[in-house]
Amino acid sequence: MASKFYAVKKGRQPGIYMTWPDAQKQVAGFSGAQFKSFATEKEARDFIEPPAKPAVDWQADDTIEAYVDGSFDRLGGRYAYGVVIVKDGDIVETFNKSDNDSRYVESFQIAGEVFGALAAIRWAIDRGFKAINIRYDYLGIKQWATGMWKTNKPVSKDYVAQFKELASQIAVHFQKEKAHTGVEYNEMADLLAKKALNK
């Protein structure tokens, strides 16, 4: 019986190997290799193919949804976000904020987008929700948070650092919305972000 199971998720031939030399052949010199050792075969299999997460019941009392959007004022050098919190199709709360932190201004409205998402997550945590669905139109909100995009600017690095801290306290889901296509609450979040710039 093997004392360890070597799971190769990305390599020449992905799979589970009983010895390190066998696993090493699959990953040595392989660009982007992903592998790990486990005490049980089940853990190794779950690493290669994670079990599907159960669907979240967005009608449940401990779940909430948030539409987020960002905006930017080039003349004033300010970014802003708008957030619409929704439960069972009804608006629970709306809020917005603008800022001009020099570390983030160069990222224009993207700063508003990501900090709006963080603000929505904090709002949900503060009120005891167990899961939040972030409905967004800027792809980076999900891609940075899930590690699909590299973080190479202050706005993305700080976003990911704060997201990781918050995501340990609540389940965060992401749902893409097409910008400016008449999705009511998305348009409302966009308007709130613009209003924040005019305060």
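## Helix H6

In this predicted model, the 14 residues of helix H6 (residues 184–197) should span 20 Å at 1.5 Å a residue, and the end C-alpha atoms of H6 are 21 Å apart, which agrees; the expected span is taken as 1.5 Å times one less than the number of residues. Helices (H or I, at least four residues) and strands (E, at least two) are DSSP runs numbered from the N terminus. Residues are numbered from 1 along each chain as its sequence is written. Because the model is predicted, local features need pLDDT of at least 70 and side-chain atom pairs count only at pLDDT 80 or more, while totals for chains, interfaces and linings use all residues, and side-chain values use heavy atoms, with hydrogens and water left out.

The buried residues of H6 are Tyr185, Asn186, Ala189, Asp190, Leu192, Ala193, Ala196 and Leu197, where buried means under 20% relative accessible area, exposed over 50%, and partly exposed in between (1.4 Å probe, protein chains only). Seen down the axis of H6, these buried residues fall within an arc of 160°, so they line one face of the helix; the arc is that of the directions from the helix axis to the C-beta atoms. An α-helix has 3.6 residues a turn, so residues three or four places apart point the same way. Among the elements that cover the buried residues of H6 are strand E4 (63–73), strand E5 (78–87) and strand E6 (90–99).

Asp190 belongs to helix H6 and counts as buried at 9% relative accessibility. The C-alpha atom of Asp190 is separated by 7.1 Å from that of Ser71, although the two residues are 119 residues apart along the chain.

## Helix H5

For helix H5 (residues 154–167), 14 residues at 1.5 Å a residue should span 20 Å, and the end C-alpha atoms are 20 Å apart, which agrees. Val155, Ser156, Tyr159, Val160, Phe163 and Leu166 are the buried residues of H5. Down the axis of H5 they fall within an arc of 130°, so they line one face of the helix.

The face of H5 turned away from its buried side carries the exposed residues Lys164 and Glu165. The cover over the buried residues of H5 includes helix H3 (109–126), helix H4 (140–145) and strand E8 (171–176).

## Nonpolar cores

The largest nonpolar core has 37 residues, and those with the most contacts inside it are Phe115, Ile121, Ile132, Ile134, Ile141, Tyr159 and Phe174. Such a core is a set of buried Ala, Val, Leu, Ile, Met, Phe, Trp, Tyr and Cys residues joined through side-chain atoms within 4.5 Å. At least two residues of this core come from each of E4, E5, H3, strand E7 (131–136), H4, H5 and E8, and H3 gives the most to this core, with twelve residues.

Leaving aside neighbours within four places in sequence, Phe115 is in contact (heavy atoms within 4.5 Å) with Tyr79, Tyr81, Tyr104, Val155 and Gln162. A second, separate core has six residues, including Val86, Tyr185, Ala189 and Leu192.

## Aromatic pairs

The count comes to 15 aromatic pairs, where rings of Phe, Tyr and Trp (its six-membered ring) pair if their centres lie within 6.5 Å, and planes under 30 degrees apart count as stacked, over 60 as edge-to-face and the rest as tilted. The rings of Tyr104 and Phe115 have centres 4.9 Å apart and planes at 55°, so this pair is tilted. The pair links distant parts of the chain, with Tyr104 in the loop between E6 and H3 and Phe115 in helix H3, eleven residues apart. Tyr104 is buried with a relative accessible area of 6%, and Phe115 is buried with one of 13%.

Trp144 and Trp149 form an edge-to-face aromatic pair, at 5.6 Å centre to centre and 80° between the planes; Trp144 is buried at 10% relative accessible area, whereas Trp149 counts as partly exposed at 31%. One aromatic cluster is formed by Tyr136, Tyr159, Phe163 and Phe174.

Phe108 lies in the loop between E6 and H3 and is partly exposed, with a relative accessible area of 32%. Phi of Phe108 is near 55°, a positive value in a residue other than glycine. Arg74 lies over the face of Phe108, at 4.5 Å from the ring centre; a charge sits over a ring if NZ of Lys or CZ of Arg is within 6 Å of the ring centre and within 35 degrees of the ring normal.
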